[in-house]
Protein chains: 2
Amino acid sequence: MIKTETLSLAEIEDLAFKALVQAGTDEANARPLAQATAVTEADGVSSHGLAYIPIYCEHVQCGKVDGKAKPIVTRPKPSVVKVDAATGFAHAAIDKGFEELVPLAREQGVAVLAINNSYNCGVLGIHTQRLAQQGLLAIGFTNAPASIAPSGGQKPVVGTNPFSIAAPDGQGNAAILIDQSASTIAKSEVMKHAREGQEVPLGWVLDADGNPTTDPAEGLKGSMAPSGGYKGVGIALMVEMMAAAMSGATLGIHASPFSGTVGGPPKTGQFFIAIDPQATSAGDFAERMVQLVGAVHAQPEARLPGDGRRNKSKNAQTNGVAVNSAVLDKIRAIISE
Amino acid sequence: MIKTETLSLAEIEDLAFKALVQAGTDEANARPLAQATAVTEADGVSSHGLAYIPIYCEHVQCGKVDGKAKPIVTRPKPSVVKVDAATGFAHAAIDKGFEELVPLAREQGVAVLAINNSYNCGVLGIHTQRLAQQGLLAIGFTNAPASIAPSGGQKPVVGTNPFSIAAPDGQGNAAILIDQSASTIAKSEVMKHAREGQEVPLGWVLDADGNPTTDPAEGLKGSMAPSGGYKGVGIALMVEMMAAAMSGATLGIHASPFSGTVGGPPKTGQFFIAIDPQATSAGDFAERMVQLVGAVHAQPEARLPGDGRRNKSKNAQTNGVAVNSAVLDKIRAIISE
């Protein structure tokens with residue numbers, strides 16, 4: 001059994017913040033990342049919560065990310081916000097960008113935010129969710145080092161590249177929150193199986209010749225299987241075009257890895273589209289969403305993307321989150337360094 | 001062997017136009033649909049080309065679509081174009097909307113087009129491709145009557161709902177054109193197997209209890225299998241939110257069928273996002289696209305979405321298209337009525 005300790009969300013944010021600052025991050029970069037870490041733990045995505053803090057701290061120390069970066073915000077066209085993350089944390093760049101994106105989307109009906117020179121943004125849906133909480137429909141894209149091969153090819157050209165869409169419920173929450181990668185399974189799951197010497201199910205990875213394999217090590221030398229075959233490649237390409245090409249960020253084929261300390265800053269990108277549903281639907285949006293959500297929830301056992309995170313988050317607000325003690329030990333060791 | 005006749009693209013457009021007008025469509029509605037029919041045939045998507053003209057004509061005559069509709073264009077916010085298709089053809093509404101969308105996206109950096117009271121828009125990628133040909137990055141969504149069940153459920157709540165993204169190559173064409181539905185296979189393929197009394201492969205459809213079946217008739221009473229399981233449901237939900245909820249159009253659960261003559265106008269919707277890549281990428285977009293496309297084409301046998309259509313289209317410009325003679329007979333019969 002894994003030993004855990006139950007922490008409040010404020011305690012989680014505080015631990016994350018202190019560790020990041022101790023590692024050399026300034027407050028402007030540490031705060032948004034610490035806040036996102038608490039939300040991620042509340043939503044039950046523990047793989048991307050506190051467990052990532054030691055990696056982030058290591059990356060500040062090795063220069064893979066600049067903990068004191070100052071994101072540069074510009075407005076190249078009336079409805080476009082551009083942020084150069086200056087090889088700092090994505091979270092600070094997104095925060096700065098959202099400060100302009102939200103009022104702009106309300107005013108113009110739609111606005112976009114393009115971020116380059118950026119870094120791993122953690123759970124993408126954390127960011128789109130924030131826009132939905134402000135009454136906007138949000139679509140987000142973020143790219144990653146290449147690990148999926150094109151149809152008919154064997155060499156990776158695009159990352160497991162997730163997209164996310166969050167629709168507001170009009171009451172400060174997301175009615176539906178979709179946040180899904182282009183691969184059948186997360187690459188971290190394959191790496192975990194490789195570390196533990198376990199086979200992976202057929203359909204997770206392909207070897208260097210493009211053939212299905214159950215050997216995770218062969219898969220890591222080959223490529224990740226796209227979800228739904230060529231349609232998964234389509235999703236990964238869409239995300240690559242939006243997060244990298246449209247943002248002027250580094251393509252997955254040229255990006256340094258998100259894990260480990262080599263290669264310098266990955267300089268990948270994010271792209272967000274924020275739309276005012278009132279403007280496009282002539283006020284019909286809320287009613288349509290109630291009908292759509294209702295049609296799903298009318299079926300016993302049926303669920304919508306985002307239902308699980310919302311329920312876990314509600315519980316975490318009052319009861320806190322059980323965090324792996326080994327993770328907490330690592331973070332407390334960083335703080336007391 | 002199927003008997004065919006080779007026609008030029010101008011001849012295809014002319015036949016489509018004349019049949020539509022003969023059925024009671026006015027020129028403003030018939031022309032954009034006839035042009036799209038020629039492009040669709042050129043791109044090799046014959047299932048949605050001239051073969052659809054007799055259905056469109058029937059729908060004008062039974063009132064499922066108003067052949068003389070006048071789409072109403074408004075500008076509810078500075079970067080939003082809204083079109084009420086007035087239960088006319090989607091193509092005329094899209095045409096009217098694009099006239100405003102294209103200059104607006106260039107000026108603002110991004111603009112959206114929301115269409116309600118609309119109809120089947122044929123091949124979605126035909127429309128996003130037009131925006132890419134004008135130098136804009138385009139994302140499109142269109143919804144359809146419900147045929148995919150939610151995760152954990154059995155009853156359809158969303159259509160096979162395609163999305164499309166077209167990236168400009170800077171030379172008047174699309175560098176990458178993605179156009180894919182949320183289901184494993186097109187519903188028309190299942191209907192064809194049912195008509196011909198043939199089994200379908202496992203993974204195409206689910207019966208009314210949500211179990212996999214090879215019986216197409218059971219599948220048509222049940223639901224279409226989403227591509228990649230729950231991730232395909234996510235795509236269908238994304239498209240439903242954009243094309244229907246965001247446009248104030250009719251949800252798939254309430255829409256009348258696209259085939260047959262009953263139920264009146266489906267009043268479904270379309271949604272397009274057009275972005276100026278120069279504005280968001282600080283001029284780096286073209287170079288990134290060359291690198292991405294190059295990394296794919298450097299692998300023998302590897303291909304990108306849109307490669308097939310582009311090659312077929314190039315060939316069709318000079319050599320014309322071989323069209324099924326039975327389809328041509330039907331259309332000529334309509335014209336000479």
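**Figure 1. Polar contacts of the A:Asn143 side chain in the predicted model.** The side chains of A:Asn143 and A:Glu240 form a polar contact at 3.5 Å. A polar atom of the A:Asn143 side chain also lies 2.9 Å from the backbone nitrogen of A:Gly269. A:Asn143 belongs to the loop of chain A that runs between strand 5 (137-142) and strand 6 (163-168). Its relative accessible area is 1%, so A:Asn143 is buried. Leaving out residues up to four places away in sequence, A:Asn143 touches A:Glu240 and A:Gly269, and its other contacts include A:Asn161, A:Ala243, A:Thr250, A:Phe258 and A:Thr268.

**Figure 2. B:Glu41, a buried acidic residue without a salt bridge.** B:Glu41 is part of helix 2 (residues 27-42) of chain B. The nearest side chain of opposite charge is that of B:Lys312, 11 Å away. Apart from neighbours within four places in sequence, the residues in contact with B:Glu41 are B:Ile12, B:Ser46, B:Gly49, B:Leu50, B:Ala51, B:Val321 and B:Val323.

**Figure 3. The largest nonpolar core.** This core has 96 residues. Those with the most contacts inside the core are Phe141, Met242 and Ile273 of chain A, together with B:Phe141, B:Met242 and B:Ile273. In soluble globular proteins, nonpolar side chains tend to be buried together. A:Met242 touches residues of chain A, including A:Phe141, A:Phe271 and A:Ile273. From chain B, A:Met242 is touched by B:Leu137, B:Ile139, B:Ile165 and B:Ile275. Residues up to four places away from A:Met242 in sequence are not counted here.

**Figure 4. Relation between chain A and chain B.**

**Figure 5. Helix 3 of chain A and what covers its buried residues.** Helix 3 spans residues 53-62, and A:Ile53, A:Pro54, A:Tyr56, A:Cys57, A:His59 and A:Val60 in this helix are buried. The cover over these buried residues includes helix 1 (9-22), helix 2 (27-42) and helix 12 (325-335) of chain A. Just after helix 3, A:Gly63 has a positive phi of about 90°.

Technical notes. Residues numbered from 1 in each chain as written. Chains lettered and ligands numbered in written order. Predicted model: local features only at pLDDT ≥ 70, side-chain atom pairs only at ≥ 80, totals over all residues. Heavy atoms only, no water. Helix = DSSP H or I, 4+ residues; strand = E, 2+ residues; numbered from the N terminus. Buried < 20%, exposed > 50% of the residue type's maximum accessible area, 1.4 Å probe, protein only. Lys, Arg positive; Asp, Glu negative; His and termini not counted. Salt bridge = Lys/Arg side-chain N within 4 Å of Asp/Glu carboxyl O. Contact = heavy atoms within 4.5 Å. Polar contact = N/O pair within 3.5 Å; in protein donor to acceptor, adjacent residues only side chain to side chain. Least-squares fit on C-alpha atoms with pLDDT ≥ 70 in both. Core = buried A, V, L, I, M, F, W, Y, C linked by side-chain atoms within 4.5 Å.
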